[in-house]
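This report walks through a few local features of one protein chain. Keep the structure open while reading.

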Amino acid sequence: MILKRLLLSLFIFLYMFYENWLPTPSCTLLPGQQIHHPNVGDDLKVMMVADLMLSGRDSGSRYWDLHFKDFYFSRFFKKSFDLLKPDMLIVLGDLSSQGSELSKRKWSYVVQEFHSLLGPFLDLPYHVVPGDRDIGECSRLNELSTNKISRSFPGLDPSGCGAFAIGNVNFVSLNSVALLCGNNDLRFSVERALERERIELQTENEQVTDVMKESSGIKIPKYEFNWRENTMISGSGPVLLLHFPLHQTTNDVQVEGYGSMQDRAQLLKKRQPVGDAPYELSQTLPLNATEYIFHALRPRMIFSAHTQTFSDRVHPDGTREIVVPAMSWDAGNNPAFVSVTFRHNGTTAIVSHCRLAGKLHVLLLYTSLFVVFFILTVQTSLRS
């Protein structure tokens, strides 16, 4: 009788742990940030995730995904939404594990899987940035390859770029995969989108009319960006969303994550991408593309992904870049994401690094629950 009570108490404890603690994110405010005022209604809360690497219905591991991984990640999303109450969700690429290889029909299963993960929070505004797993590498990259993702998610043009505003925060998302390519029509489309954003931002800044005519028909030769004059000051532009991180120099200041640029590069090269990934985890945008983005947009803040690990760094001009970690068990580390609160004053952003339970923790707890439940059932059967 005593043993049964102990087992029952243990089962209840494990079940409560399983239901309440396990799917709840553990969020840490990044160093150097101080919250002097409580959140107000005009603050914009954004949940940033990356590298979900969904497989779709026809994957060989679909049974595992449907009955285990997708079940727990839908709970992760629900608990995260309940706890953080974000106003928007942003996915910084690699929504799919092999999306570039999928037909339109199979891609639709990936979209359905993503929608099922969000569940009752599907009405929450969201934006998806293309990643290299979603649209493929340069040799096969064109507007047709981005068509699947640009038609599936709101706010993307045919080149896979987007621009939107919520409250007093402006966002620009770029198809950074195309910016790795050379003489490629999609890359020219992305550059034209970047130029249009530059002109629109400068038009708002200077109240100049009819400037948009300058951008019609622009084609910038390979790695020779057309540097037009920009009178905007650094940090006065939009929040920039990318899949690939910007080029890192020795002058960048690493706030959190890997130490030096050399340490970061060596560690990322040692890690292997999951499956057949088009690019290595250490891949970044070229230096000239990075410099042109800074010149054209003067971004207020940058959020990127791809490395599957978290880092926080400051570029030489003072612009902060947050690299969002992978929210997937397939990446090898515990899944994680970033929560950002853009304050109503339009200049401050509060960033938290949020971690979720690893696959091993979930399996161990699930197995423990099953074992205790089995012993209780056997004992009850024997006594009756």
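The model is predicted, and the values here were computed from it.

**Helix H3 and its partner**

Helix H3 covers residues 104-118.

The buried residues of H3 are Trp 107, Tyr 109, Val 110, Val 111, Glu 113, Phe 114, Leu 117 and Leu 118. An α-helix has 3.6 residues a turn, so residues three or four places apart point the same way. Glu 113 is one of the buried residues of H3.

Packed helices are described by the angle and the distance between their axes. H3 meets helix H5, residues 143-152. The two axes come within 11 Å and cross at roughly 35°. The crossing of H3 and H5 is right-handed. On the H3 side, Lys 104, Trp 107 and Val 111 make the contact.

**Disulfides**

How many disulfides are there? The count comes to two. Counting bonded cysteines along the chain, the pattern is 1-4, 2-3. The table sets out the bonds.

| Disulfide | S to S | Torsion about S-S | Hand |
|---|---|---|---|
| Cys 27 to Cys 354 | 2.1 Å | 110° | right-handed |
| Cys 138 to Cys 181 | 2.1 Å | about -95° | left-handed |

Take Cys 27 and Cys 354. This pair links distant parts of the chain, 327 residues apart. Cys 27 sits in strand E1 (residues 26-29), and Cys 354 in strand E13 (residues 349-355). Cys 27 is partly exposed, at 32% relative accessibility. Cys 354 is buried, at 0%.

Now Cys 138 and Cys 181. The torsion about their S-S bond is about -95°, so the disulfide is left-handed. The pair again links distant parts of the chain, 43 residues apart. Cys 138 lies in the loop between helix H4 (132-135) and H5. Cys 181 lies in the loop between strand E6 (169-173) and helix H6 (185-206). Cys 138 has a relative accessible area of 21% and is partly exposed. Why does Cys 181 count as buried? Its relative accessibility is 1%, and buried means under 20%.

A further cysteine, Cys 161, is buried at 4% relative accessibility.

**Positive phi away from glycine**

Most residues other than glycine have a negative phi. Asp 51 lies in the loop between strand E2 (44-49) and helix H2 (62-84). Its relative accessible area is 0%, so Asp 51 is buried.

His 306 has a positive phi too, about 75°, and is not a glycine. Its place is in the loop between strand E9 (301-304) and strand E10 (311-314). Is His 306 buried or exposed? His 306 counts as buried, at 2% relative accessibility.

Key:
Residues are numbered from 1 along each chain as its sequence is written. This is a predicted model: local features need pLDDT of at least 70, side-chain atom pairs count only at pLDDT 80 or more; totals for chains, interfaces and linings use all residues. Side-chain values use heavy atoms; hydrogens and water are left out. Axes are lines fitted to C-alpha atoms, for helices over the stretch in contact, and angles run from 0 to 180 degrees between N-to-C directions. Helices (H or I, at least four residues) and strands (E, at least two) are DSSP runs, numbered from the N terminus. A crossing is left-handed if the near helix is turned anticlockwise from the far one by less than a right angle, and right-handed if clockwise. Contact means heavy atoms within 4.5 Å. A disulfide is a pair of cysteine sulfur atoms within 2.5 Å. Buried means under 20% relative accessible area, exposed over 50%, partly exposed in between (1.4 Å probe, protein chains only).
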